[in-house]
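Dear colleague,

Please find below the sequence and structure that I am handing over to you. My notes on what was found follow directly after.

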Amino acid sequence: MENVQDIICQLLKEIKEICESEKIRYYLGGWTALSAYCQKQCSEDMLLGHMMIHAEDADRMIEALEKKMPENRSLDHLKKNSDFPGFFLRYTAENTTAFEKEHFKGFQHYGISVHICFISSVLEDEKENGQYELLEEGLLSRFGDDRFKTERELEAQNYALECLKEHSASQLFDFWVKAHSVPSEKVFCRTKLKPRFSFEGDRSLLEKAGDYMLNGISFTMPEDMEAFFKGLYQRPYAVVFAEGIKYPKMMVSTIVPYKEFFDMLGNDPKSVILEYEKLREKQRDYLKEYAPSKRYMDKVWAQCNLEQKKVTLQKIYDDSCLERIQELFDSGDYEELYLLLEPWQEMNLYCKQKKLKREDFMVNSKLDQLVEQLGLGFELPS
């Protein structure tokens, strides 16, 4: 059973191998780089991977990924998806779910992902530079309710919509990449999505690279990581890492594919988000017309979430673990016994709280029998 971070590392590894075979320079970025530098492994709260390539390699990267990516993978970007919210690539594991239900971002695929961001030149023409930045913001700002947007977001949205009237999304992508592939001492790399990734610094930072380990896999990052993090966070990186990273409210599963999840709901991602927007609107007016649809979605997700818990616990509570439980009971080591049974008991309580049928999520029938036989006194909700 793989956890979220295992999936992210597998996606990163696949991108790395394609980059190396195509001789495309790459670096880990954002929180992914910070995890590798600080502890050589993904932090437990990391739900998204970041990688950086040079803007001039964008089309080669797209071509290589679409040609060589394994089964159950997808690549989403502005050149093929006019609703895509920015100038970056999203490489996704289709057999997983990672869905932010309260904000429509324009993605085609809602699985665990790595964002491939572009190291781009800062343009000498300040006006042109500002227009492209406004366009970046507008591609994201066009989603959501206009009543809750700032003046800047509305300005950016209108500018992006005007650009999309004059040019196709694919053309805008090509214009942006071409403009930002020129030689320049100052570079940036960003995505406007939250958690925000926005690096600015000197190109010289990228001239020397080193190998760093992440979950036992070697990846390339800038050699002077402290200078890189200074350009990324504008404050001590150790403080940033200690604070952790906060994601928007997301539904994440490594075993339930997002298509299966939406099939269970009987709806597509955009419609689900629009329903939630209506629900929040009604809740503001103290109406409960949409409560049944909310309860249904919450119940489906609770089942998906519990399915993942069950698979994880099935690997823990195998026959050898049952023998260990018996040994601890016989030796009177009840404190250790409690710790060993705690994850299983948490699942029981989760079933009870969510009013789910526990027999549908049985971990190991022998475990229940053993607990009852030993009279450990755990509550087994029906």
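The second largest pocket of this predicted model holds about 360 Å³ of space. Its lining is made up of 15 residues, and those closest to the centre of the pocket are Pro195, Arg196, Tyr233, Val240 and Ile245. Two or more lining residues come from each of helix 2 (30-39), strand 8 (197-202), helix 7 (225-233) and helix 8 (237-243). Sorted by class, the lining comprises seven nonpolar, four polar and four charged residues.

Helix 12 (residues 319-331) packs with helix 14 (residues 365-374) at an angle of about 10 degrees, and their axes lie 10 Å apart. Angles under 35 degrees count as roughly parallel, and helix 12 and helix 14 are therefore roughly parallel to each other. Helix 12 contributes Asp319, Leu322, Ile325, Gln326 and Phe329 to the contact, while helix 14 contributes Lys366, Leu367, Leu370 and Leu374. Of the residues in this contact, six are nonpolar, one is polar and two are charged.

Lastly, I turn to the salt bridges. Side chains of opposite charge can pair when their charged atoms come close. The model contains 20 salt bridges. One of them joins Glu56 and Arg25, with 3.4 Å between the closest N and O atoms. Glu56 is in the loop between strand 2 (49-54) and helix 3 (58-68), and Arg25 is in the loop between helix 1 (4-22) and strand 1 (26-28), so this pair ties together parts that are 31 residues apart in sequence.

With kind regards

Key: Residues numbered from 1 in each chain as written. Predicted model: local features only at pLDDT ≥ 70, side-chain atom pairs only at ≥ 80, totals over all residues. Heavy atoms only, no water. Axes fitted to C-alpha atoms, helices over the stretch in contact; angles between N-to-C directions. Helix = DSSP H or I, 4+ residues; strand = E, 2+ residues; numbered from the N terminus. Parallel < 35°, antiparallel > 145°, perpendicular 65-115°, else oblique. Contact = heavy atoms within 4.5 Å. Nonpolar A, V, L, I, M, F, W, Y, C, P; charged D, E, K, R; others polar. 1 Å grid on protein atoms, 1.4 Å probe; cavity = no way out; pocket = protein on both sides within 12 Å on 5 of 7 lines; lining within 4 Å. Points joined across faces, edges and corners; volume = space filled by probe spheres on them. Salt bridge = Lys/Arg side-chain N within 4 Å of Asp/Glu carboxyl O.
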